[in-house]
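Colleague: I'm still new to reading structures. Could you take me through one part of this one, the strands and how they line up in sheets?

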Amino acid sequence: MNGRRPISAALLGAALLLVTACGGGGGSDSGNDGKGKSGKAGGDDTKASVAVVTVAPKDGADDVATSGALKVSADKGKLSKVEVADDKGNPVEGKLTDAGATWTPDHHLASSTKYKVHAVAKDKDGRESAKDTSFTTLTPKNTFVGTFTPEDGSKVGVGMPFSVRFTRGITHPEDVEKAISIKTEPAVDVEGHWFGNDRLDFRPEHYWAKGTQVTVKLNLDGVEGRPGVYGKQVRTVKFTIGRSQISTVDVKTKMMTVKRDGKVIKRIPVTTGKPGYDTWNGQMVISERLKVTRMNGETVGYGGEYDIKDVPHAQRLTTSGTFIHGNYWGGDAFGNYNASHGCIGLRDVRGGYDSGVSAAWFFDRSMIGDVVIVKHSHDKTVAPDNGYNGWNMSWADWKK
């Protein structure tokens, strides 16, 4: 014998019954197949939310339009959360409307992109219901992009607008313009103006303040610029406004006054357009700078009147061919009489090697975006779209 007392059958049966009851296995006294009469596990006092969330487009949809197709709504309740993001996790911002009954995105969606939607609504008793869907936007057959100036990271003069030229004519200008945002430091109101259907320029009411930091976001991917033609470009462009340099050419006196940050730093004798070839009046912006260039009258409608292969220190003021440039063939015209075909000439030497002459001095102290103003000419004011010369429009006309 081992000294251990045998366990009776009665005691063993009682122990098994106890284990079964503690395990919650649905003994005879549970009475309801494991479903409690109260609590959130499904009791009679817990009801499902009556709020219904609807998301358009339907889950799994593809070839979805990038504008106007996405909408989230709630019936018998209000939306409390709407999260939309692309497959890289980039969120789509939007806003609630109709007192929380609907949600719409703030802007268009990108093309060829999968989006996920998570939406939650609450009924009047605070009970929630949710909806999760995904869809993919269309892949366009025809696209456009915008080429722009100034370039990212550049420093420009106070007259330089941000100008975009589109590779296709735009027939939905409001949608395209809305997709381009501009922020400045310090803050200033910047408005866009369309020249035709393929060029959009942005500027403030007055010349930029020196030192202004400008950030432009081009969110053109998915914008329908014209029927069936979509943007495919997302870029951020930053540029800085340098010092203020504004030079005023007086055709009557044949002198140019150069002001730097409001102070006169030099007065330079010039020659401008002779009778019949008068220089434009108005505010013009330097858009191109060339140490030396060829100027041929045939390219601007003047036949074979001139062809100079080595014009030094040339800076473009209009698309049509107006430059302020060095002139080594002008004799004693500077400050005395007007002899050009419409350009503004400054004394120079052939080859442009002399840094002490007026043309070299001005070229070396100029930058893209500087302003040159011409007054007292017999010609009319330069067209705002002839170069970056929108400053010749009133602010009211610019914003129209």
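Modeller: Happy to, and keep in mind that this is a predicted model.

Start with an open sheet of four strands, in the order 1-3-6-5, where the pairing is antiparallel. At the edges you'll find strand 1 (52-56) and strand 5 (94-97); each has a single partner strand, so one side of each is left without a neighbour in the sheet. On average, neighbouring strands of this sheet are turned by 15° against each other, with direction ignored. Now zoom in on one pair: strand 1 and strand 3 (residues 71-75) are joined in the antiparallel sense over five bridges. Look across from Thr 54 and you'll see Ser 73 in strand 3 standing opposite.

Next, move on to another open sheet of four strands, in the order 11-19-16-13, and here the pairing is mixed. Its edge strands are strand 11 (155-156) and strand 13 (180-185), each pairing on one side only. Inside that order, strand 16 (residues 213-219) runs antiparallel to strand 19 (residues 234-241), and seven bridges link the two. For a landmark, find Lys 217, which has Thr 236 in strand 19 opposite.

Definitions and conventions
Residues numbered from 1 in each chain as written. Predicted model: local features only at pLDDT ≥ 70, side-chain atom pairs only at ≥ 80, totals over all residues. Heavy atoms only, no water. Pairing = 2+ DSSP bridges. Axes fitted to C-alpha atoms, helices over the stretch in contact; angles between N-to-C directions.
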